[in-house]
Amino acid sequence: VMRRNRKVLAHISLLFILLIVVFIHLSPERSLRVYIMMTGYPMIAWQTEFTEVTPEVAKIAGIATNETLYELSTPPFEKATEGELRYYAVEKIGPFYFPYFFGNF
């Protein structure tokens with residue numbers, strides 16, 4: 001009986017984690033905030049505002065058609081490079097969104 005309870009608990013735990021990951025990646029804003037938080041800037045992730053860069057500028061920057069470029073109003077400052085982490089792109093793959101740091105242009 002104890003083994004069965006452990007298996008059930010393990011399955012429920014894995015399902016719960018999977019649901020959280022899916023929930024995070026169903027929204028571009030949520031996935032971007034979690035990405036910024038996980039890269040070491042939790043306060044900025046939840047306090048900053050970000051705006052979508054116009055498609056014309058994004059095209060010039062080389063953003064693909066399934067991606068959206070965002071600019072942070074108060075970007076994180078990276079000490080190692082002494083630079084602002086202002087632009088992030090969010091790629092849409094199916095119903096999911098995956099952000100990455102784009103850089104400055």
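Mentor: Leaving aside neighbours within four places in sequence, tyrosine 100 is in contact (heavy atoms within 4.5 Å) with Tyr35, Ile63, Glu67, Tyr88 and Ala89. This is a predicted model, in which local features need pLDDT of at least 70, side-chain atom pairs count only at pLDDT 80 or more, and totals for chains, interfaces and linings use all residues. Residues are numbered from 1 along each chain as its sequence is written, and side-chain values use heavy atoms, with hydrogens and water left out.

With glutamate 67, tyrosine 100 makes a side-chain polar contact of 3.1 Å (a pair of N or O atoms within 3.5 Å; within protein, one able to donate a hydrogen and the other to accept it, and residues adjacent in sequence counting only if both atoms are side-chain atoms). Tyrosine 100 belongs to strand S6, residues 96-101 (strands are DSSP runs of E, at least two residues, and helices runs of H or I, at least four, numbered from the N terminus). Its relative accessible area of 28% makes it partly exposed (buried is under 20%, exposed over 50%, partly exposed in between, with a 1.4 Å probe and protein chains only).

Two of the contacts, Tyr35 and Tyr88, also belong to a cluster with Phe101, linked by ring pairs. The whole structure has 3 aromatic pairs (ring centres of Phe, Tyr or Trp, its six-membered ring, within 6.5 Å; planes under 30 degrees apart are stacked, over 60 edge-to-face, the rest tilted). Among them, tyrosine 35 and tyrosine 88 are edge-to-face, 6.1 Å centre to centre with 75° between planes. Tyrosine 35 lies in helix H2 and tyrosine 88 in strand S5, so this pair ties together parts 53 residues apart in sequence. Tyrosine 88 is buried, at 1% relative accessibility.
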